Amino acid sequence: MRWENLTEGPAGPAALFGAGAVVTRTIDTPEFRGITFHEVRARSIVNRVPGASRMPFEWTVNPYRGCSHACVYCFARKTHGYLDLDTGLGFDSQIVVKTNACELLRRELAAPRWTGAHIAMGTNVDCYQRAEGRYRLMPGIIEALRDRANPFSILTKGTLILRDLPLLREAAEVTEVGISVSVGFTDTPLWRTVEPGTPSPAARLNAVRTLTDAGIECGVLMAPVIPFLGDSPAQLRATVRAVAESGATSVTPLVLHLRPGAREWFTAWLGEHHPHLVERYERMYAGGSYAPTWYQRMITRQVHELAAEFGIGPARRGAARRTAGPDRRDGPEPAGATQLTLL
């Protein structure tokens with residue numbers, strides 16, 4: 001493992017962690033069995049998104065690396081390779097925890113150079129994965145953002161977000177808060193094989209209902225739509241109907257993309273569970289990480305037509321609640337309250 005190259009010392013300013021800051025723990029309880037936690041003291045927590053990224057936001061906070069959701073398609077798998085950790089099973093079971101995330105965030109938000117830009121969370125790995133139940137980093141993170149009236153959004157598959165509902169309501173009174181839940185399909189057998197560590201789609205949609213009933217508008221990122229496995233007209237209709245019934249304010253489809261790291265792991269899974277589809281996937285993704293434009297447009301059109309039929313629409317600008325508090329700092333307006341359209 002390359003901890004020695006990522007801690008203070010010879011690595012200098014490029015170091016990710018403080019010197020001697022890595023503590024490895026295994027916890028033999030049913031919910032964490034097979035998972036190893038690497039507790040680190042990060043040197044920074046607010047990260048700038050690379051300029052070439054397709055993401056519609058500039059800043060992120062990621063309190064964890066690796067994800068016990070174990071989604072076979074997760075694009076973030078490659079990031080585990082930076083630590084010489086395995087991008088397959090290692091990504092699912094070797095979780096890096098930035099234990100000082102809350103104190104770091106307060107410090108960075110208070111810095112004179114910080115202008116109050118929108119911060120997105122859950123866009124790399126899920127900040128409400130199982131580890132959050134043990135480490136409870138998100139309450140402190142939300143409190144820090146609330147206290148600075150700093151706009152933020154959260155994308156999650158984790159129903160644990162409901163634990164922090166009171167804090168989210170407080171934050172929504174003073175700044176823009178965008179909450180989105182990821183539900184790509186409602187097919188139970190498909191869910192069990194491609195997202196084995198996540199709450200069920202039904203549980204996630206129940207969380208959407210709870211959030212919206214509490215006054216926190218919540219959109220659904222219908223992601224990923226998986227070619228040949230989750231994209232039939234009947235499957236799309238069932239998913240959009242369920243999203244509408246959850247009270248979601250919006251639904252935005254995103255077709256599966258397979259970046260290096262995720263592509264190899266997904267292809268191995270496909271060969272084991274659906275070998276007859278391997279060649280079709282090779283043809284569909286021959287041009288790179290993304291499905292052909294014609295296919296993406298076809299899925300988007302179908303989902304939007306179904307959404308209109310069931311009375312909901314795609315993500316729209318300004319969907320989240322916002323109340324300007326007296327301590328709200330001047331800063332650039334975030335690019336939309338729910339960060340879904342280009343995710």
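Contact, as the word is used in these legends, means heavy atoms within 4.5 Å, and helices (H or I, at least four residues) and strands (E, at least two) are DSSP runs, numbered from the N terminus. This is a predicted model, in which local features need pLDDT of at least 70 and side-chain atom pairs count only at pLDDT 80 or more, while totals for chains, interfaces and linings use all residues. Residues are numbered from 1 along each chain as its sequence is written, and side-chain values use heavy atoms, with hydrogens and water left out.

View A. Helix α11 (residues 293-310) has 18 residues and reaches 26 Å from its first C-alpha to its last, close to the 26 Å expected at 1.5 Å a residue, the expected span being 1.5 Å times one less than the number of residues. Its buried residues (under 20% relative accessible area; exposed is over 50%, partly exposed in between, with a 1.4 Å probe and protein chains only) are Y295, I299, V303, L306 and A307. These residues lie on the same side of α11 because they cover an arc of only 105 degrees around the axis, an arc taken from the directions from the helix axis to the C-beta atoms. The elements that cover them include β10 (218-225), α8 (233-245), β11 (251-255) and α10 (278-284). On the face turned away from this buried side are the exposed residues W294, R297, E305 and A308. After α11 comes G311, whose phi is positive, near 90 degrees.

**View B. Helix α2 and its packing.** In helix α2 (residues 101-110), the buried residues are A101, L104, L105, E108 and L109. They cover an arc of only 125 degrees around the axis, which puts them on the same side of α2. The buried residues of α2 pack against β3 (46-48), β4 (59-61), β6 (94-98), β7 (119-121) and α4 (138-147).

**View C. L105 in the largest nonpolar core.** A nonpolar core is a set of buried Ala, Val, Leu, Ile, Met, Phe, Trp, Tyr and Cys residues joined through side-chain atoms within 4.5 Å. The largest one holds 89 residues, of which L105, I119, M121, I154 and F266 touch the most other members. Leaving aside neighbours within four places in sequence, L105 is in contact with I45, V46, V61, I119, I141, A144 and L145.

**View D. T36 and F37 in strand β2.** T36 lies in strand β2 (residues 36-40) and is buried, with a relative accessible area of 13%, while F37, also placed in β2, is buried at 1% relative accessibility. Beyond four places in sequence, the contacts of F37 include A131, R134 and Y135. F37 and A131 are 94 residues apart in sequence and 8.4 Å apart in space, C-alpha to C-alpha.
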